[in-house]
Amino acid sequence: MNDNNNDDAMMDDEGSIDVVRAVELEINALANTPNRQPALSIKKLDRRSFLKLSGIASGSLVLAAIMPGPGATAEDFGNLVGSVELNAFIKVSSEGKIVIYSSNPEMGQGIKTALPMIIAEEMGARWADVEVLQSDVDESRYGRHGAGGSTTIARTFDQMRTMGASAREMFIGAASLAMELPRDELYAQDSTISHVFSNKSLSFGELAALAVKQSLPDPKTLIFKDKADYTIIGTSVTGVDNLEIVSGLALFGIDVRVPEMQYAAYQKCPAFGGKVVSANLEAIKKLPGITAAFILDGNDNVRELSSGVALVGTSTWAVFNAKKKLDIQWDESTASKDSWTQMVSRAKQIHAQPGTELITESGDVNASFSNPAHQTIDAFYEYPFVAHLCMEPMNCSAHYKAGSNGEKDTLELWIPTQAPTRAYPVVKSMFDLDQEQVKIHQMRLGGSFGRRVYAEYICEVIAISKQVGVPVKLTWSREDDIQHDFYRVGGFQSVKGSVDKNGKIVAFEDHFMGMTYKGGRISGSGFRATEFPILNLKNARASKTMFDIQTPCGPWRAPGANTTAFVIQSFIHELAVKAGRDHLEVLLELMGKPQWFDQGNIRSLNTGRATDVIKLAAHKANWGRPMPKGHGLGLAFHFSHAAHVAEVVEVSVDANKKLKVHNVTVAVDVGPIINMSGATAQVEGAVIDGLSTMMGQKITMENGRVEQSNFHDYQVLRIPNAPAVDIHFIQSDYSPTGLGEPALPPLAPAVGNAIFAAIGERVRKMPLTDEGFTI
Amino acid sequence: MAKYQLNINGEDIDVDVDPQMPLLWVLRDEIGLVGTKFGCGIAQCGACTVHVSGQPIRSCITPASMLAGQPIRTIEGLANGTELHPLQQAWIDVDVPQCGYCQAGQIMSAAALLEQNPSPTDNDIDAAMVGNYCRCGAYNRIRKAIHLASENTTTPFYDASTPNIEQIDGDMKGEQA
């Protein structure tokens with residue numbers, strides 16, 4: 001069996017590949033390249049690769065100066081009028097200010113700070129001299145725009161280093177000419193080129209004009225810094241937008257204001273797929289502040305344009321208010337009839353049988369389960385659908401301008417999105433506009449967590465702007481946001497395992513009960529043939545039964561891992577308890593000797609790296625210490641997104657099942673850390689997100705309708721319940737990879753295992769509020 | 001429609017809007033002060049927090065016409081000219097924001113707290129900040145930044161100096177020994 005059942009994948013039901021999945025595939029291809037060196041070795045690129053990486057297709061003098069032309073505006077050059085450009089990502093002014101462009105979406109994961117840190121490091125820049133600006137959307141210039149799957153650092157680390165190193169070499173070349181000194185006696189540090197054997201030096205600002213006249217460095221000569229010489233990478237740097245954020249300056253999609261702009265709301269059918277038959281449009285148009293109300297038929301694609309009623313007006317409040325007064329007749333003949341209650345009862349009926357489709361099988365699990373010398377247990381786990389709940393509700397602004405006098409139509413878009421260029425093909429297919437007719441501004445995202453990879457809120461506003469002929473900002477209400485999400489898919493797993501007379505885990509079986517959407521694959525609803533501990537055991541079997549649904553689902557922070565970790569890492573603890581053995585000892589025994597799961601793939605699980613983080617977390621949390629009554633420690637490990645993460649949680653539970661999570665100790669190996677502050681923030685956030693979700697979040701649907709609507713019935717963890725988080729990194733020399741997701745999955749099983757240790761009650765269902773717990 | 005005057009960040013501003021329109025949308029759509037954020041519209045998340053006569057209120061449910069004549073302060077008016085409020089500086093020093101969307105509301109709630117209680121305990125902070133969601137989970141840094149702004153007793157960055165590889169390696173060896 002191979003890994004084809006891997007459902008971390010994000011295939012569209014149409015069969016095209018989602019951007020996040022595409023990035024994953026690209027990274028995996030990279031990781032599978034034979035003889036790939038660890039990223040911190042000196043990496044040489046051939047010229048073709050370099051040109052591809054630099055995103056500049058033209059051949060000659062690709063890094064030569066592009067001076068501001070007659071049409072250039074201050075905006076083109078940030079606030080540094082007269083700056084000169086060293087390459088697509090870097091401009092330096094004669095005053096020494098360095099502008100570095102960030103080309104990928106920032107949604108709170110910190111890449112707008114981390115990626116420029118990599119460039120600045122290789123350049124030899126002083127961080128205080130750097131100003132980071134969001135780039136335009138232009139893949140011919142910057143390479144892929146997009147973020148997802150915790151892959152951005154992994155896929156751009158070498159690109160950023162190349163940009164920085166080439167700029168450094170151009171400064172050195174300029175300094176060599178200016179000071180009449182040999183290149184190899186010069187070095188870059190603190191935004192200055194200095195001479196090794198004298199106190200001669202020239203600043204980047206002094207050299208800027210000459211540096212851009214240097215020819216393109218031969219990429220084969222580029223040598224990346226040794227990590228021992230790093231002065232920026234690995235330090236703590238505050239987010240580059242923090243001053244704007246704390247000052248309330250406009251940054252987010254929802255903050256966009258365009259002259260003549262009107263405001264829009266869009267009402268879709270509460271049951272997914274329902275279509276508008278009629279609506280009280282005439283009455284609505286008479287409401288104060290409403291300038292237009294009309295029906296959009298949509299194209300029956302929930303990722304593009306669903307049928308609904310559009311309201312346009314002079315303020316967001318006017319359209320929100322009018323939306324509450326809409327009276328719409330829906331045709332629900334083909335709409336979703338999904339029922340969570342029915343999914344649960346169906347799963348409970350079939351869980352003890354094997355799945356309808358085999359995922360993987362090795363050895364003989366049945367023989368192991370029926371061996372009288374073995375102890376065998378089974379368990380049924382359940383996890384619900386959950387919503388993304390980005391603090392910034394879905395929104396987008398568009399200005400569709402019909403061409404006059406034979407000119408083509410144009411479209412300007414301001415989008416908070418994880419996948420800016422994903423809008424192009426949709427705009428082409430739905431509105432017949434070519435890429436040249438579309439200008440995209442990528443806005444900062446007020447959270448995403450996998451939510452903003454689809455284009456439906458973009459299609460909605462384009463259709464509305466096209467109809468009314470003015471710029472429009474579409475804002476979803478929180479109710480729209482919760483009831484029309486692409487949810488983290490719910491599901492069930494029935495697991496069985498046995499331990500031998502020595503208490504060693506010898507067999508494991510998983511019947512995965514997941515979902516498909518109208519027959520198509522759903523991100524996160526799958527079980528990998530390589531899932532831990534399948535490959536660690538001689539006897540293992542996994543099978544699946546899929547339920548077809550019409551509720552839209554999509555990637556949600558650590559797809560698949562965020563639920564499978566809960567099942568597997570809880571059940572391994574169940575087996576350890578059954579064997580009467582220490583959980584840590586059993587987990588380490590399962591890992592065995594250090595090896596790659598997928599030999600040659602440095603993005604696969606490495607049992608040695610796993611062992612190290614498990615031991616480190618246990619050590620830092622003082623695993624095995626005596627606990628007071630009602631207190632317990634729980635341990636879990638999970639590998640996802642090329643990251644090895646272990647967590648130990650301390651909880652206490654009182655007689656009324658009131659839970660307190662006292663602290664969470666986390667050990668992580670994602671290779672070298674770029675921004676220590678950003679990295680710890682991602683881990684803290686993932687832990688609190690994991691707890692928030694496990695504690696009380698659950699989306700249920702009946703008759704195709706989501707039953708929750710706003711924060712009063714769908715709760716986020718609040719500050720008094722935030723545990724202390726103690727974070728430790730093993731900065732191994734493997735390629736750095738992303739940290740937006742992988743610290744989340746181990747949290748839930750670690751909490752569940754800690755609850756068992758505290759009070760002897762096993763948690764097999766999320767959220768905990770369904771099991772009678774409070775926080 | 002109703003004409004009335006609001007005093008926002010020390011400036012008198014004439015508006016002519018529906019008297020029921022909440023302050024949030026008057027600020028964002030009519031006046032163009034977009035620092036105050038929309039999160040839920042039902043006073044559950046705190047993203048829209050502003051001060052009215054020094055008290056934190058949820059602007060998403062408060063009709064602006066009720067506030068005529070009362071001083072309103074928003075995130076844009078928190079700094080003293082170019083000098084940041086100590087909380088704004090602490091937010092930067094501790095690197096609090098992840099996505100950053102809720103932070104205007106967080107800072108306004110925290111500013112009201114410090115005006116009442118210049119040296120809050122963790123419990124005081126929890127009580128004052130319980131109404132502000134942070135979906136990214138930056139709560140520990142929020143707490144730390146409030147302490148930093150109030151007493152300057154904690155070091156800025158969450159984890160600036162540790163861990164270092166040698167220390168962890170040493171610990172690991174200790175573990176294995």
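Why does B:A128 count as buried? The reason is that B:A128 has 20 C-beta neighbours inside 10 Å; a residue is buried if 20 or more other C-beta atoms lie within 10 Å of its own, exposed if 12 or fewer, and partly exposed in between, with C-beta atoms placed from the backbone.

This is a predicted model, in which local features need pLDDT of at least 70 and side-chain atom pairs count only at pLDDT 80 or more, while totals for chains, interfaces and linings use all residues. Residues are numbered from 1 along each chain as its sequence is written, and chains are lettered from A and ligands numbered from 1 in the order in which they are written.

**Chain B as a whole**

- Chain B contains six helices and five strands; helices (H or I, at least four residues) and strands (E, at least two) are DSSP runs, numbered from the N terminus.
- Along the sequence, the elements of chain B follow the pattern β-β-α-β-β-β-α-α-α-α-α.
- Chain B has 177 residues, of which 54% count as buried.

**The surroundings of B:A128**

- B:A128 belongs to helix α4 (residues 122-129) of chain B.
- Apart from neighbours within four places in sequence, B:A128 is in contact with B:S109, B:L113 and B:P120; two residues are in contact if their C-beta atoms, placed from the backbone, lie within 7 Å.
- B:A128 and B:G35 lie 93 residues apart in sequence, and their C-alpha atoms are 21 Å apart in space.

**The sheet**

- Five strands of chain B form an open sheet with mixed pairing, in the order β2-β1-β5-β3-β4; two strands pair if DSSP finds at least two bridges between them.
- Strands β2 (11-17) and β4 (55-58) of chain B stand at the edges with a single partner strand each, so one side of each has no neighbour in the sheet.
- From one strand to the next, the twist averages 40 degrees; axes are lines fitted to C-alpha atoms, for helices over the stretch in contact, and angles run from 0 to 180 degrees between N-to-C directions.
- Strands β1 (residues 2-8) and β5 (residues 71-73) of chain B pair in the parallel sense over two bridges.
- B:I72 in β5(B) is the bridge partner of B:I8.

**Helices on the sheet**

- Helix α1 (residues 23-31) of chain B lies across β1, β2 and β3 (49-52) of chain B, and runs at about 95 degrees to β2(B).
- Helix α3 (residues 103-116) of chain B packs on the sheet, where it touches β3 and β4 of chain B, and its direction makes about 35 degrees with that of β3(B).

**Two domains in chain B**

- Chain B is assigned domain 1 (2-76) and domain 2 (86-151); these bounds come from an automatic or database domain assignment.
- Taken over C-alpha atoms, the centres of domain 1 and domain 2 of chain B are 21 Å apart.
- Between these domains, 15 residues of domain 1 of chain B are in contact with twelve residues of domain 2 of chain B.
- On the side of domain 1 of chain B that touches domain 2 of chain B, β3(B) gives the most, with three residues.

**Chain B against chain A**

- 57 residues of chain B are in contact with 61 residues of chain A.
- On the side of chain B that touches chain A, the largest share, five residues, comes from α6(B).
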